[in-house]
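Dear colleague,

I am passing on the structure below. My notes on its helices and sheet follow it.

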Amino acid sequence: MTNRNYLVVGIDDNPGDTVLIKKAISLSSLKIEFKSFADGREFLTYIFSEGVSPSLLLLDINIPIINGFDLLNIINKDPMMNDIPKIILSSSGNLNDIYRSYEKGANCYLIKPIDFLGLKFIINRTLNFCLQPRIPSQNYIKHANINLPY
């Protein structure tokens, strides 16, 4: 486990979903500050005026003013945002939405579960995967120094 503080940003116009996402994040063993925004414009104003770089972005695609697809276009043009994991968390299971999200630069597309237990599970797995530092296993280190014949 690490002592690092993380900034996770959620962009979702559904206040009920935002409350549940915040609750699921609060159950993590990681030190996380969660900020939420109801639309893409609020998020961009915050990011560019404060000059902060989130550790993780949880983004709904169906948000007002600047939708999730357009927001991905904008933030992927900013070199400061390239290394930030951009996770789509949407109720849409439409394949066109999924493909389009990846085309626009999303790193992962997750469909919102219908219950809190499911949401807690995928949020926990996402936080651990995206934020926990990876330490190579001893087996990997041992085999990484093999001289290949080609």
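**Helix packing and sheet**

Helices α1 and α5 are oblique to each other (angles under 35 degrees count as roughly parallel, over 145 as roughly antiparallel, 65 to 115 as roughly perpendicular and the rest as oblique). The model is predicted: local features need pLDDT of at least 70, side-chain atom pairs count only at pLDDT 80 or more, and totals for chains, interfaces and linings use all residues. Residues are numbered from 1 along each chain as its sequence is written, and side-chain values use heavy atoms, without hydrogens and water.

Helix α1 covers residues 15-26 and α5 residues 116-131; they pack at about 55°, with axes 9 Å apart. Helices (H or I, at least four residues) and strands (E, at least two) are DSSP runs, numbered from the N terminus. Axes are lines fitted to C-alpha atoms, for helices over the stretch in contact, and angles run from 0 to 180 degrees between N-to-C directions. In α1, Leu20, Ile21, Lys23, Ala24 and Ile25 meet Phe116, Leu119, Lys120, Ile123 and Leu127 of α5 (contact means heavy atoms within 4.5 Å).

The sheet is open, with five strands in the order β2-β1-β3-β4-β5 and parallel pairing (two strands pair if DSSP finds at least two bridges between them). Its edge strands are β2 (31-37) and β5, each pairing on one side only. The twist from one strand to the next averages 20°.

Four bridges join β4 (residues 86-90) to β5 (residues 108-111). Isoleucine 87 has cysteine 108 as its bridge partner in β5, and isoleucine 88 has tyrosine 109.

Regards
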